[in-house]
Every structure is written in structure tokens, then in C-alpha cells.
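Subject: Handover of a structure and its findings

Dear colleague,

Please find the structure below, which I am passing to you for your own reading. A written account follows it.

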Amino acid sequence: MTDVKLIDSRGAACPGPITDLARAYRNSKVGDMLELWATDKGVKADTEAWAKKTGNEIVEIKEEPDKIIVKIKILKR
Amino acid sequence: MEKVLIIGGGAGGIILANSLDPKDYNVTVVDKDEYHYYQPWYLYVAFKGSKRKIGKPIASLLKPGIRYVKDEITEINLNERKAYGSLRITYDYDYIIIATGTSPDPDPIPGLREVFNEYGDYHTSVQNSLKLWNHIKNFKGGTIAIGQASPTCKCPPSLLEGAFQLEEYLNKKGLKSKTKIKFFTPFPRAYPAEPMNKVVEPMVEERGIEVMPFFDLDTVDNEKKILTSIEGDTINYDLPIIVPPCKGTKIKILPEGLQNEDRFIISDKYTMKIKGFDNAFAVGDANNLPTSKTGVTAHLEAKVVANIIQGKYDKFTGRINCPFDTAYGKATFVIADYDNPVAPYPPTRMKHFMKMSMARIYWMTLRGYADPIFDFYFDFTNPVKLNEKYATS
């Protein structure tokens with residue numbers, strides 16, 4: 001089973017959740033699963049653009065009442 | 001009398017010390033450096049060659065009755081309530097506040113150390129800013145690559161402030177047509193928070209600054225003069241202006257496991273209490289709070305911690321208020337908190353005047369004399385109000 005690395009960016013508005021995602025990406029390897037928690041509404045568009053740019057896969061984006069969860073699979077590193 | 005030990009004489013450490021009454025608390029501030037610097041001014045040293053005096057001795061900024069010790073703390077044991085330094089003194093305490101800021105660390109990025117040593121930057125010290133100014137004033141044309149080497153950086157607006165200052169300087173010197181400014185950033189756009197990006201993006205375009213988004217620096221080849229990103233993009237440069245990655249404190253903190261992979265201290269985002277401890281706090285840039293690393297957050301966090309130590313209920317709202325000099329005499333502020341997004345606050349001459357005035361008010365702020373002004377200002381510019389006024393239009 002792959003470990004899922006949880007990135008809790010709730011509350012981050014500036015510079016925002018991409019900071020934590022980019023940092024986690026630097027320390028990741030192919031096959032890793034990242035789970036990003038955020039409250040910043042921009043997280044959906046930003047992670048989609050990020051995944052497109054970096055060639056990684058967004059497995060799921062889930063909106064919960066108190067947070068948005070983005071699950072990412074690292075395909076390229 | 002309860003002993004309060006503050007590690008670090010930056011904005012957070014000094015404001016916290018001065019917020020406690022030395023008649024009620026035995027307060028000690030320990031810092032390895034003797035001087036405190038007004039860091040936002042590094043920008044003007046690097047891009048304008050400003051000679052303003054921006055350093056003052058830490059001891060001179062503390063209220064009478066507060067002790068300052070020049071010592072480099074090497075180990076803090078939170079279970080034993082003791083800290084150890086190079087003077088071989090054992091510091092014991094009832095409360096400890098770690099306010100050590102960030103330390104620049106170019107080494108994780110191959111090639112960056114060499115470039116940093118040669119060109120300096122506009123973020124880390126007066127010396128490094130002067131080093132950069134010497135390169136800028138002798139620049140005759142070519143490609144300038146400017147940006148941050150890691151997503152974790154102090155003061156989010158300052159990166160673009162650098163590009164704006166640079167463009168204004170080149171324009172005034174008549175070098176604009178001979179120069180390309182390439183602004184690289186690990187974020188999706190020029191300014192990371194979308195609402196503020198909408199405000200500044202037209203200026204970036206109008207001034208011919210080329211933005212390279214999702215450019216997270218991986219290597220620097222200073223012989224071939226090429227930057228390469230993790231994402232696989234490259235920039236050829238003649239002049240590199242690179243703010244190195246920011247890391248947390250090098251002090252050994254026990255028990256282990258209280259720092260993240262960049263050594264920032266894991267603390268509660270409302271109380272700044274270090275995970276698992278009621279009498280230990282991390283304030284300002286040293287902690288891992290999901291907010292900007294800036295003087296204003298250090299200031300507001302310090303006030304909250306001072307209240308908590310004095311037994312009053314208080315919590316940090318995540319408020320940021322980052323002055324953003326957009327050059328040509330205008331500025332704005334990046335304002336948000338944990339519950340409210342950044343407001344698209346437009347740049348004006350008045351805000352530029354406020355940013356410039358801060359360089360003077362700052363020294364009063366450290367001593368607590370400017371508190372009434374700030375209380376009024378923070379309420380007046382509450383992010384809820386600003387978003388109501390500007391976000392819809």
C-alpha cells in the first residue's frame with residue numbers, strides 16, 4: 001500500500017496552499033500519493049494548473065463543508 | 001517572579017518583551033547578534049542604493065528592566081525547561097518564546113551558493129543588498145532572471161516588489177530597451193494570491209516583465225548561466241537575482257519531532273503554543289503557521305502570546321498586512337486572515353506614503369508606542385470590510 005502524505009493548508013490564503021504542495025512535491029517520488037487540505041477556494045484551479053504543468057494526476061477533488069480535499073498521484077518527478 | 005526567556009531579538013521577540021511589564025516578569029532576550037534591522041528596507045538598499053541607517057542595537061530597543069544577552073543558543077530542552085548557549089550559561093525559564101526568524105540556505109539547490117555569494121540578494125542582509133546594488137548599478141543590458149528559489153520565502157509581495165523596483169530603475173536609466181526581465185515563481189501566477197494578482201498583473205504586463213509561473217528552481221549553472229526548474233523549464237541569464245530558500249532555526253530543540261522538514265517549529269495557529277507545550281511558544285517566521293512570514297504577523301502573534309502569558313484570553317486571527325510597493329510612487333497592502341481571502345486592494349500614492357512612513361514608525365512600534373495607531377488601522381482595514389468594498393467590483 002502507498003503511504004498518503006497529508007498536507008494541511010487550511011487557513012492559508014497568502015501565499016496559499018500551492019506553497020505547501022510545491023514543497024511536498026520537491027520531497028516526493030514517483031508513485032507517492034499526496035492529499036492536500038485547503039480552505040482557499042482557489043485551490044481547485046491552482047492544483048489543476050499545477051498538475052497539468054508538472055505532469056501529475058489529480059485523482060479526486062472533494063468539497064467538504066469545512067475544507068476542500070485534493071488527492072494527487074505523483075507520476076513525474 | 002516568573003521568568004520569560006525570549007530567543008531572538010527580531011520584531012516578534014522585541015515586541016513580545018516590551019509587551020510584558022518588567023515589574024511583573026523577569027524577561028530576558030537572547031540573540032546571537034547585537035543589532036536589529038528594519039528588513040523591509042533591504043529592497044531600497046538593493047535597488048536604489050539607499051544609505052539609510054536601518055540597524056539599531058537590540059538592547060536600545062528594549063524597555064528598561066528587560067535583560068538582553070548576546071549569546072548563540074544551541075539547544076533548548078522543553079521538557080527540562082532549559083536552554084543552553086555558547087556562553088555556557090544554562091538559561092531556565094517558566095515561559096519560553098522562540099522567535100528566531102528564518103535563515104537563508106542556498107545549499108539545497110546545486111549552484112546557488114556560488115551565485116548567492118557573488119550577487120547577493122534583496123532579502124537577507126544589508127551586505128547582501130549592497131552586493132546586489134553594485135551589480136545593478138553596473139548593469140549595461142541583457143537578461144535579468146529575478147525570483148525566489150523556494151516556495152517558502154519571507155514577505156510574499158517582496159519578490160514582485162523587486163521586479164517592479166528593477167524595472168523602474170532600468171526605465172529611468174534608459175536601459176529598458178536593452179534588457180529583458182524574467183520573473184520566475186513557483187506559483188501559478190505573478191502574485192500567488194489570485195485577488196491581488198488581478199490588481200498587479202496589468203502592471204506586470206504593461207512594464208514588459210515576463211512571468212515564468214510554476215518555476216520551482218532546481219539547479220543553477222553559473223558557468224553556462226542557466227537556471228533550471230523542477231518542472232523542466234530553463235532561463236538563460238546575464239544577471240541572476242535569486243532569493244535563497246528560507247529555513248527555520250538551527251537550534252537543537254528537544255524533544256525531537258517538533259519541527260517540519262524545513263525546521264519550522266510546529267505550533268498552534270491560534271495560540272502559537274509549540275505542539276504539546278503550554279509554556280513554550282514559537283512566534284513569527286520561526287513557526288509553521290499557514291500565513292505569510294512577515295513583520296506584521298510576528299507583531300500580532302507577539303501581542304497574542306503576551307496576553308496569553310498574562311492569563312488573558314486571546315487568539316491570533318491569521319491577519320496579514322503586507323505593504324506592496326508597486327513602484328512609480330504607488331503601493332498597496334496585501335490584507336487577509338485565516339477566514340477571509342486576500343482583498344483586491346488597489347495601489348495608491350497614499351499607501352506608498354504609509355509604507356515609507358513605516359520605516360520611521362517601526363521603531364515606535366517595537367517599543368509599543370504605536371499601538372493605538374495600529375489598533376485603529378487594523379480595524380479600519382479589516383479584511384471583511386475590504387472584501388465587501390473591493391472584491392465585488
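The notes below cover conventions, domains, strands and the contact between the chains.

This is a predicted model, in which local features need pLDDT of at least 70, side-chain atom pairs count only at pLDDT 80 or more, and totals for chains, interfaces and linings use all residues. Residues are numbered from 1 along each chain as its sequence is written, chains are lettered from A and ligands numbered from 1 in the order in which they are written, and side-chain values use heavy atoms, with hydrogens and water left out.

Domains of chain B

Chain B is divided into domain 1 (2-47 + 54-102 + 248-309), domain 2 (105-246) and domain 3 (320-391); these bounds come from an automatic or database domain assignment. The centres of domain 1 and domain 3 of chain B, taken over C-alpha atoms, are separated by 24 Å. Their contact (heavy atoms within 4.5 Å) takes 27 residues from domain 1 of chain B and 17 residues from domain 3 of chain B.

Between them, domain 1 and domain 3 of chain B bury about 1900 Å², with 68% of it on carbon and sulfur atoms. Buried area is the accessible area (1.4 Å probe) that two parts lose on being put together, summed over both. On the side of domain 1 of chain B, the residues that lose the most area to domain 3 of chain B are B:Tyr38, B:Tyr44 and B:Val296, together 27% of what that side buries.

The count between these two domains is 1 salt bridge, a term for a side-chain nitrogen of Lys or Arg within 4 Å of a carboxyl oxygen of Asp or Glu. B:Asp371 forms a salt bridge with B:Lys303, and the closest N and O atoms are 2.7 Å apart. Helix H8 (295-309) of chain B is among the elements that each supply at least two residues of the side of domain 1 of chain B that touches domain 3 of chain B. H8(B) gives the most to that side, with 5 residues.

Strands of chain B

Helices (H or I, at least four residues) and strands (E, at least two) are DSSP runs, numbered from the N terminus. Two strands pair if DSSP finds at least two bridges between them.

Strand E1 (residues 2-7) of chain B runs parallel to strand E2 (residues 25-31) of chain B, and 6 bridges join them. In this pairing B:Ile7 stands opposite B:Val30. E1(B) is also joined by 4 bridges to strand E9 (residues 95-98) of chain B, again parallel, and here B:Val4 stands opposite B:Tyr95.

Elsewhere, 4 bridges join the parallel strands E12 (residues 179-184) and E13 (residues 209-212) of chain B, where B:Phe183 stands opposite B:Val211.

Contact between chain A and chain B

In the contact between the chains, 20 residues of chain A meet 33 residues of chain B. The area buried between chain A and chain B is about 2100 Å², of which carbon and sulfur atoms give 56%. In chain A, A:Cys14, A:Arg23 and A:Arg26 lose the most area to chain B, together 31% of what that side buries.

Across this interface the rule finds 5 salt bridges. B:Asp233 forms a salt bridge with A:Lys53, with the closest N and O atoms 2.5 Å apart. Helix H1 (17-26) and helix H2 (43-54) of chain A each supply at least two residues of the side of chain A that touches chain B. The largest share of that side, 6 residues, comes from H1(A).

With kind regards
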